[in-house]
Amino acid sequence: MNIHPVDAGIVVAYLLAVLAFGLWVGRGQRNSADYFLGARSLPWGALLLSIVATETSTVTFLSLPGIAAAAGGDLTFLQITFGYIAGRLLIIAFLLPLYFRGEAFTAYETLEKRFGTLSRRAASSLFLVTRNLSDALRLFLTALVLQIVLGLDLALSVIVLGVITILYTLVGGAKSVIWNDCIQFVIYMIGAAAALAVIVQGIPGGWDALAGFAAETDKLRVLDFDPSPFKPTMTFLAGLVGGAFLTMATHGTDQLMVQRYLSAKGHGDAAKALGVSGFIVLAQFGVFLFIGVALAAYAALAANGSMLQDAAGDRLFATFIVHAMPVGLAGLTLASVFAAAMSTLSSSLNSSATALISDVYLPTRREPVTAAGQLKAGRIATALFGVLQVGIALVVGYIGTTESTVANVLKIAGFASGPVLGIYLLARFADDVKQPAALGGFVVGVAALSALALGTALYWPYYAAAGASTTFVAGWIAQRVLDR
């Protein structure tokens, strides 16, 4: 074991507490509205923290410090949060009202009302495939930490984390997921602050030495106005445009986030939760990236900084936590890693189950399904998606991955959700476009984006923008051709 027994005890106690709390909060589920949407009664503050915690996975907690700490790394990745804020405001103005017309369970019911059943099922199916693939990568990264910390086999680490998350999500549903997210948000932010304090304390000269190192290495640079969409690092244009489209796609059309809005007491509460969340994410990204700057200074200046020389990327912060954090604080910070991971994974399982049951299973049933039957089906679906994500994570662990996990996850998000956003934009702004033209535009958007991704060096933040705009234009043109 690579960790002090006290810290290991804190981690184990935290995992068991999360499971117990999730089971307790989620008790008394009676129907699908209770299970999938928390009876549409959750306060906006809880939804705010849930939105932030859900998108702040282990990928954010561990990969972002590695980006800033790398040779030539800086704070320019923060520019993508400018687009995150802009995208949220656009969602509130143009997409959010669509979800509060009626009693929707999923984001994709809106497409059926506007275009037809096939559009709903196509978008929902794409969500299910890409969501479970990207979140399996998140599970893999978290298990990697557990392997480093406890010396467990990677496969066993994946299974342990998967089983705990599956259990409390399966029993407690959305209410359990969202309230656990709130606790996990507090835990991982305390852990991040504690880690930063320890890093700075370990640097000879403290804050002054850190500031000098950061200035000398230009690691505090935030803005990069290079206009090229092919530059393989974050720029202001990539962050603002790419981040806005990516956010409109992931937060405006993805069931993972839309399910939180539908759990609110009303449209106004959902808008407040979403709007404020963008500014909190900006602050969080700033903290995590600055931790990376501090880690780079620690590696260069601290007496025992050499221990970080062989650790890079996703492993850097985890290595510091295990080998340099004081007893007790190490356990707290590791609990933060798992808090960030489990908030996203539990949300993924719950939203995937909601989409499968509401968009695929129930519409294909010839006879109505009772409330109890829907609840049972939702729990079975939750378990199946949990097993699927564990299986994918095991495969990733077997074949390995060389790229930063945060880049892989965001690439998948942009690639998958961009064309779906294009269909929503057609639904919102092109009243005359019908389902055949919209689906034709979707196919063209996916094909064009595939060509761009595989045949050019287009930087990944532009994937969502390219997919959405191509889908919209192709769908609009297709309707004009069909009208002739």
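Which element gives the most to the lining of the second largest cavity? In this predicted model, the answer is helix α8, which contributes four residues.

**The chain as a whole**

The secondary structure of the protein chain consists of 18 helices and zero strands. The chain has 484 residues, and 58% of them count as buried.

The model contains two cavities of 30 Å³ or more. The second largest cavity holds about 60 Å³ of space. Its lining is formed by Leu 139, Leu 161, Gly 162, Thr 165, Ile 166, Leu 345, Leu 349, Gly 386, Gln 389 and Val 390. The elements that each supply two or more of these residues are α8 (154-202), α14 (329-364) and α15 (371-399). By residue type, the lining divides into six nonpolar, four polar and no charged residues.

**Helix α3**

Helix α3 covers residues 44-55, a total of 12 residues. From its first C-alpha to its last, α3 reaches 17 Å, which is close to the 16 Å expected at 1.5 Å a residue. Is α3 largely enclosed by the rest of the structure or largely open? Nine of its 12 residues are buried, and therefore the helix is largely enclosed by the rest of the structure. The buried residues are Ala 46, Leu 47, Leu 48, Ser 50, Ile 51, Val 52, Ala 53, Thr 54 and Glu 55.

| Residue | Relative accessible area | Class |
|---|---|---|
| Ser 119 | 1% | buried |
| Ala 335 | 3% | buried |
| Phe 94 | 34% | partly exposed |
| Asp 218 | 44% | partly exposed |

Ser 119 lies in helix α7, which spans residues 117-150. Because its relative accessible area is 1%, under the 20% cut-off, Ser 119 counts as buried. Leaving out residues up to four places away in sequence, Ser 119 touches Leu 111, Gln 435 and Leu 439.

Ala 335 belongs to helix α14, one of the elements that line the second largest cavity. Ala 335 and Val 12 are separated by 323 residues in sequence, yet their C-alpha atoms are 8.5 Å apart in space. Apart from neighbours within four places in sequence, Ala 335 is in contact with Val 11, Tyr 14 and Ile 187.

Phe 94 is placed in helix α5, residues 80-99. With neighbours up to four places away in sequence set aside, Phe 94 touches Arg 428 and Phe 429.

Where is Asp 218 found? Asp 218 is in the loop between α9 (206-216) and α10 (236-252). Asp 218 has a positive phi of about 60 degrees, although it is not a glycine. Most residues other than glycine have a negative phi.

Conventions: Residues numbered from 1 in each chain as written. Predicted model: local features only at pLDDT ≥ 70, side-chain atom pairs only at ≥ 80, totals over all residues. Heavy atoms only, no water. 1 Å grid on protein atoms, 1.4 Å probe; cavity = no way out; pocket = protein on both sides within 12 Å on 5 of 7 lines; lining within 4 Å. Points joined across faces, edges and corners; volume = space filled by probe spheres on them. Nonpolar A, V, L, I, M, F, W, Y, C, P; charged D, E, K, R; others polar. Expected span 1.5 Å × (residues − 1). Buried < 20%, exposed > 50% of the residue type's maximum accessible area, 1.4 Å probe, protein only. Contact = heavy atoms within 4.5 Å.
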